[in-house]
Amino acid sequence: MFFAFFRGQKIILKDPTPMNNHLTRRHFIQTAAASAVALSARTGPNVFAADAAKPALLGGKPAHTGGWPKWPDWRQQWEPEIVEILRSGRWSRAGGGGKVPTFEAEWAKLLGAKKALATSSGTTALITSLYAAGVDAGDEVIVAPYTFIATYNAVLIQKALPVFADTDPETLTMCPKSIESRITERTKAILPVHIYGMPCYMDEINAIARKHKLAVVEDACQAWLAEYKGRKCGTVGDLGCFSFQNSKHIPSGEGGAITGMNEKLVDKCHSYHNCGRSFGTNTGSGAFTRGNNFRMQHFQASILLSQIEKLKKETAHRQANADYLIAGLNQIGGVAPARLPENSRAAWHLFPIRYDAAQFNGLPKGRFIQAMGKEGIPCGGGYHEQYNDGIFDEVINSTGYKRLWSADRLKAYRESFKDLKGNAQVCATTVGLSQTLLLADRSAMDHILDAIRKIKAHSAELAKKA
Ligand SMILES: Cc1ncc(COP(=O)(O)O)c(C=O)c1O
């Protein structure tokens, strides 16, 4: 079926016939224009424009009706290798060889890291890295608060205290200026998060870490192939952690990886993730360090290896669409994109929009999200202020934490969450488009921008009816 777009409306021109298949491009454009004029004459330009411009929440036509790419997305040609592994009976990496070490070598090469270690998840990559960075019970770690809850939990599992730096409302990442005032004699590491795949201000963070002799563990769980000043995220601090969970850009159901430029540190991680056994430069007899079983299986590594080229192509596709959206959003106003460090490329796990309700006649964020949903464009509200959930009441009232910190320190710690003003603002104003939207074609990006323009033009009416 041939169709064209006229004032945001999809117009069906003709069913394909053998003759239509030979239409030249010029002939096609002429036909489209003629049909559009005919349709305009039939409906009257005002009726047509009014209908097209009305938000779907107020009875207009949705800006996007075609659906969005499904995720995860697999290929039939990946199947024989999975069956081969199944039939081999060698599913665990414990015996040596197999797909897991191959994936580790490929992942390190792709990122320009000295070494990579595959793990069972992003969470276990973080736990392992914090151990290797020397974080122990009673220590403190400076953490980005705007993140998935696993970042907090990885610190808590070490019986260390996650001390939150503030979030920069323009970048949505850890504000380097807020770090130093939070460092105490117990601080061991800084844990910045490249949230939504947007690189943090790593030069500033690394400089503070060097000054205070702290380790830097990058949470790059959403930042596969993101770049900071020409280097891949996950290779800029001491260790970098990735997630390959089902929703991620390179998924294996569950799975994770650690990358680093220091071989000894990654070998230390290897020992910890393999029950404390000796590995590479990290030698000893038997299980000579603390450890855990955080090993990846060969099935997961096989699926990951199959997706490396796909990840590269899709990252470029998401980035091109994100660039287009950024240019469009900057023209609309009130829906600003986040600021990235110079010479950086984001991976865009979510594409965040900094929504300013004041420029939408006070239309609340929730109502804006609802209106976008009606336009056929699913959005989310991003992370909330998770430190105000019960988790930290449980932490500071636990026997272990009461043994490790004074009552005064824990009380002041709990109260300090009120100072996270930048983070509170980010939680209140961020609207996120999922990564699958960025995998659609360019016309779908126009639909996203059209939807926002319509909602803005009718925001007073939408706000009244809220
Ligand atoms: C920022 C961040 N950190 C850590 C994790 C934990 O990864 P996993 O779910 O693989 O344990 C995730 C996963 O969603 C994440 O998004």
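L86 counts as exposed, because there are 12 C-beta neighbours inside 10 Å of this residue. The model it belongs to is predicted. The chain has 466 residues, of which 43% are buried, and its secondary structure comprises 17 helices and 18 strands.

**L86 and the chain as a whole**
- L86 is part of helix α3.
- Although 213 residues separate L86 from F299 in sequence, their C-alpha atoms are 8.0 Å apart in space.
- Among contacts in the chain with a separation of 6 or more, 68% join residues 24 or more positions apart.

**Helix α4**
- Helix α4 runs over residues 99-111, which makes 13 residues.
- From first C-alpha to last, α4 reaches 18 Å, close to the 18 Å expected at 1.5 Å a residue.
- The buried residues in α4 are K99, V100, F103, E104, W107, A108 and L111.
- These residues lie on the same side of α4, because they cover an arc of only 165° around the axis.
- A105 and K109 are exposed, and they sit on the face of α4 turned away from its buried side.
- The buried residues of α4 pack against two helices, α3 (79-88) and α9 (298-306).
- They also pack against the strands β3 (115-119), β9 (231-232) and β11 (256-260).
- G112 follows α4 and has a positive phi, near 70°.

- Strands of a sheet pair through backbone hydrogen bonds, in either a parallel or an antiparallel way.
- β8 covers residues 227-228 and pairs with β9 over two bridges, in the antiparallel sense.
- In this part of the sheet, E227 stands opposite K232 of β9.

**The ligand shell**
- The ligand is surrounded by 14 residues.
- The closest of them are S121, G122, T123, C221 and S243.
- Two helices, α5 (122-132) and α6 (149-157), each supply at least two residues of the shell.
- By class, the shell has nine polar residues, four nonpolar residues and one charged residue.

Terms used: Residues numbered from 1 in each chain as written. Predicted model: local features only at pLDDT ≥ 70, side-chain atom pairs only at ≥ 80, totals over all residues. Near = placed C-beta within 6 Å. Helix = DSSP H or I, 4+ residues; strand = E, 2+ residues; numbered from the N terminus. Nonpolar A, V, L, I, M, F, W, Y, C, P; charged D, E, K, R; others polar. Expected span 1.5 Å × (residues − 1). Buried ≥ 20, exposed ≤ 12 C-beta atoms within 10 Å, placed from the backbone. Arc of directions from axis to C-beta. Contact = placed C-beta atoms within 7 Å. Pairing = 2+ DSSP bridges.
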